[in-house]
Amino acid sequence: MNNTVTILGCGSAKPTKTTSPSGQLVELHDKLFLVDCGEGVLLTMQRLGIRTGRLYNIFISHLHGDHCFGLMGLLTTLAMLKRTQPMHIYAHPDLPRLLQPLLEYHCADRQYDIIFHPINPRKHEVIFEDRNVSVETVPLKHGVPTCGFLFKETRRVMHEDGSFEHVTTKRYAYCSDTQYSEKIIPIIEGVSTLYHESTYLQDNVARSKEVMHSTASDAATIASKAHAGKLIIGHYSARVEDHSLFLEEAKPIFDNTFLAEENLVFEL
């Protein structure tokens, strides 16, 4: 059974020759979850041969364009493919108001329902749960209401006495745009894999604070203090062409750090 995260986009607001804006596909217990949907996410999914018919749940961390501008294209394409199964979207309550005019204009004849689930980015709570997977919000510190997402896989384990217990086996934390904040550590403590944005390098720390983003050092420090198993960094500033510089800054603080690059698949 695959437990993976596929990088669909790893850049920040400005697309470059090598990076598209944010998007990831999380697979837990044979279920697919799309996390953020910047421009180019659908194209990357098609290039990788990912079947959109397996996708039923989308989580949007915040409403800056580089995290949601690809959503309309995805929803329209699903209508063109004659999808009939509903799509569930978890996002800030303003998203339906922003999307509804476009949906009415471009795919009013779609054959599937879009079910919006408003979330409170400032509150830590469970927003999705089934028998094997749950998703919780992770409040972040950014210029607009923003949250990350904590994915948990649970399995039913039988003890020798015949009793059963649900045990969490994998935990993946996605922390998108955020200023350095240790308030998230109790929520993500001990995660198997942590994705934490690293838009800037330490030589641009003043800028990172001004626009409420993180440096590679910030991400590595959070991973270390949260005792994460593995750290993936991304959301690179378009001004930094050599992404290995982010890795060089993070690894002395947290050695088990990896660069997010489009098309890469990481085991959770």
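**Sheet and helix packing in the predicted model**

An open sheet of seven strands is formed, in the order E7-E8-E9-E10-E11-E12-E13, with mixed pairing. From one strand to the next, the twist averages 25°. The model is predicted.

Within this sheet, strand E10 (residues 164-175) and strand E11 (residues 193-197) run parallel. Four bridges join E10 to E11. Tyr-172 stands opposite Thr-193, a residue of E11. Strand E11 also takes part in a helix contact: helix H6 (residues 216-225) packs on the sheet and touches both E11 and strand E12 (231-234). The direction of H6 makes about 150° with that of E11.

A further packing concerns two helices. Packed helices are described by the angle between their axes and the distance between the axes. For helix H2 (residues 71-80) and helix H3 (residues 95-106), the angle is about 40° and the axes lie 11 Å apart. H2 is therefore oblique to H3. The crossing of H2 past H3 is right-handed.

On the H2 side, the contact is made by Leu-71, Met-72, Leu-75 and Thr-76. Helix H3 contributes Leu-95, Leu-99, Leu-102, Leu-103 and His-106. By class, the residues of the contact of H2 with H3 comprise seven nonpolar and two polar, with no charged residue.

Methods. Residues numbered from 1 in each chain as written. Predicted model: local features only at pLDDT ≥ 70, side-chain atom pairs only at ≥ 80, totals over all residues. Heavy atoms only, no water. Pairing = 2+ DSSP bridges. Helix = DSSP H or I, 4+ residues; strand = E, 2+ residues; numbered from the N terminus. Axes fitted to C-alpha atoms, helices over the stretch in contact; angles between N-to-C directions. Contact = heavy atoms within 4.5 Å. Parallel < 35°, antiparallel > 145°, perpendicular 65-115°, else oblique. Left-handed = near helix turned anticlockwise from the far one by under 90°. Nonpolar A, V, L, I, M, F, W, Y, C, P; charged D, E, K, R; others polar.
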